[in-house]
Amino acid sequence: TRAIAAFKALITDYPGGEYADNSQYWIGEAYKVNQDLEDAKDAFLKVVMNYAGSPKVADALLKLGYIEFEQNNMAKASDYLTQVTVAHPDTTAAHLASKKLLQMSEMQR
């Protein structure tokens with residue numbers, strides 16, 4: 001929780017700073033580690049919505065897909081994971097999203 005406070009303070013103090021997108025992403029990661037999945041989703045969505053040009057967007061979409069998968073929301077998980085593969089091809093996040101989509105399709109058989 002200290003990490004979350006520190007990252008939030010960095011965003012508050014430097015909203016347009018070069019590390020604001022990373023800070024927002026790591027807020028999501030910290031919430032996810034603490035199993036606060038709703039706040040994690042909110043944090044990752046802020047990366048997507050507020051930092052559209054950031055390389056962290058692909059990672060945030062991937063994490064959103066993983067969280068929806070964990071919460072058994074397969075349609076939403078598939079949507080997020082597909083967004084990663086389509087909008088951010090040739091990234092590690094896209095590769096991981098493809099693997100998760102394949103796993104999901106095998107589960108449906």
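This is a predicted model: local features need pLDDT of at least 70, side-chain atom pairs count only at pLDDT 80 or more; totals for chains, interfaces and linings use all residues.
Reader: What makes α2 largely enclosed by the rest of the structure?

Author: A residue counts as buried when its relative accessible area is under 20%, and 11 of the 14 residues of α2 are buried, so the helix is largely enclosed by the rest of the structure.

Reader: How do you know that the span of α2 agrees with its 14 residues?

Author: At 1.5 Å a residue the helix should span 20 Å, and because the C-alpha atoms at its ends are 20 Å apart, the two values agree. After α2 comes Q35, which has a positive phi, near 60 degrees.

Reader: Why does Y14 count as exposed?

Author: The cut-off for exposed is over 50% relative accessible area, and Y14 has 54% relative accessibility, so this residue counts as exposed. Y14 lies in the loop between α1 and α2, and together with L10 and Y19 makes a nonpolar surface patch of about 340 Å².

Reader: Which residues have the most contacts inside the largest nonpolar core?

Author: They are F44, L61 and V84, in a core of 30 residues. At least two residues of this core come from each of α1, α2, α3, α4, α5 and α6, and α4 gives the most, with 8 residues. Apart from its neighbours within four places in sequence, V84 is in contact with A58, L61, L62, P89, A93, A94 and A97.

Conventions
Residues are numbered from 1 along each chain as its sequence is written. Side-chain values use heavy atoms; hydrogens and water are left out. A nonpolar core is a set of buried Ala, Val, Leu, Ile, Met, Phe, Trp, Tyr and Cys residues joined through side-chain atoms within 4.5 Å. Buried means under 20% relative accessible area, exposed over 50%, partly exposed in between (1.4 Å probe, protein chains only). Helices (H or I, at least four residues) and strands (E, at least two) are DSSP runs, numbered from the N terminus. Contact means heavy atoms within 4.5 Å. The expected span of a helix is 1.5 Å times one less than its number of residues. Patches are made of residues with over 30% relative accessible area and no salt bridge: like charges are joined within 9 Å, nonpolar side chains (Val, Leu, Ile, Met, Phe, Trp, Tyr) within 5 Å. Accessible areas come from the Shrake-Rupley method with a 1.4 Å probe; for residues, only the protein chains shown count as cover. A salt bridge is a side-chain nitrogen of Lys or Arg within 4 Å of a carboxyl oxygen of Asp or Glu.
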